[in-house]
Amino acid sequence: MSYYTTWIERSENNSNEQEYIEYVNRYYQLEKAVYEKILGAYPDNSEFLNGQLLALSRKLGFNASNMEVYVGFLDGIKSSLKNGDSLDLESLTDESEISLDIDYEKLYYNMHDAKADWLYNIPAWKNVLTEERMKEITHDYRVANIAHSDKIGRNDPCPCGSGKKYKNCCGKKA
């Protein structure tokens, strides 16, 4: 069974709620530690991003008993990689050569999208993005996720162009 298959099975199996919560919490702790190392070493972090799967995982604090969690980390970061399409998680073995070309701005945005405040608030982000750029990305995320409605509100201008409020014009007929 591949590391990826094991990751999927364990991360989605919540038949024992207590074990599931412990597993997910352990993943979050390891994930945060990995990002702290990668971001903290930026821009000289290639030792954490290029090499054989097993060697990279060990540098980042994983061991043989939790390799599927490292592959889970790769699954999570895949959409933030410039070369994410070339990363076949299902076929990864200990000897697989991987190269993670991270789009840091996209990663920061995706952390907001995942509502992972423990990740996008890591102080080491200041090594990678300026405070201003982080604010811009946060603003872009918020603007992109504002709820929009095509429904006309009672106090909106009437779409017929009369200049009246909808409730006093065409809304009376509805």
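**A buried asparagine and an aromatic cluster**

Mentor: Asn66 touches Arg26 and Leu30, leaving out residues up to four places away in sequence; contact means heavy atoms within 4.5 Å. This is a predicted model, where local features need pLDDT of at least 70, side-chain atom pairs count only at pLDDT 80 or more, and totals for chains, interfaces and linings use all residues. Residues are numbered from 1 along each chain as its sequence is written, and side-chain values use heavy atoms, with hydrogens and water left out.

Trainee: Where is Asn66 found?
Mentor: In the loop between α4 (53-59) and α5 (67-77). Helices are DSSP runs (H or I, at least four residues), numbered from the N terminus.

Trainee: Is Asn66 buried or exposed?
Mentor: Asn66 counts as buried, because its relative accessibility is 5%. Buried means under 20% relative accessible area (1.4 Å probe, protein chains only).

Trainee: What does its side chain reach?
Mentor: The side chain of Asn66 reaches the backbone nitrogen of Asn63 at 2.7 Å.

Trainee: New topic. How many aromatic pairs does a search of the whole structure find?
Mentor: It finds 11. Rings of Phe, Tyr and Trp (its six-membered ring) pair if their centres lie within 6.5 Å.

Trainee: Why is the pair of Trp7 and Tyr23 tilted?
Mentor: Their planes are at 35°, so the pair is tilted; the centres are 6.2 Å apart. Planes under 30 degrees apart count as stacked, over 60 as edge-to-face and the rest as tilted.

Trainee: Which parts of the chain does that pair link?
Mentor: Distant ones: Trp7 is in helix α1 (residues 3-12) and Tyr23 in helix α2 (residues 17-40), 16 residues apart.

Trainee: And which residues form one aromatic cluster?
Mentor: Trp7, Tyr23, Tyr27, Tyr28 and Trp118.

Notes: Helix = DSSP H or I, 4+ residues; strand = E, 2+ residues; numbered from the N terminus. Buried < 20%, exposed > 50% of the residue type's maximum accessible area, 1.4 Å probe, protein only. Polar contact = N/O pair within 3.5 Å; in protein donor to acceptor, adjacent residues only side chain to side chain.
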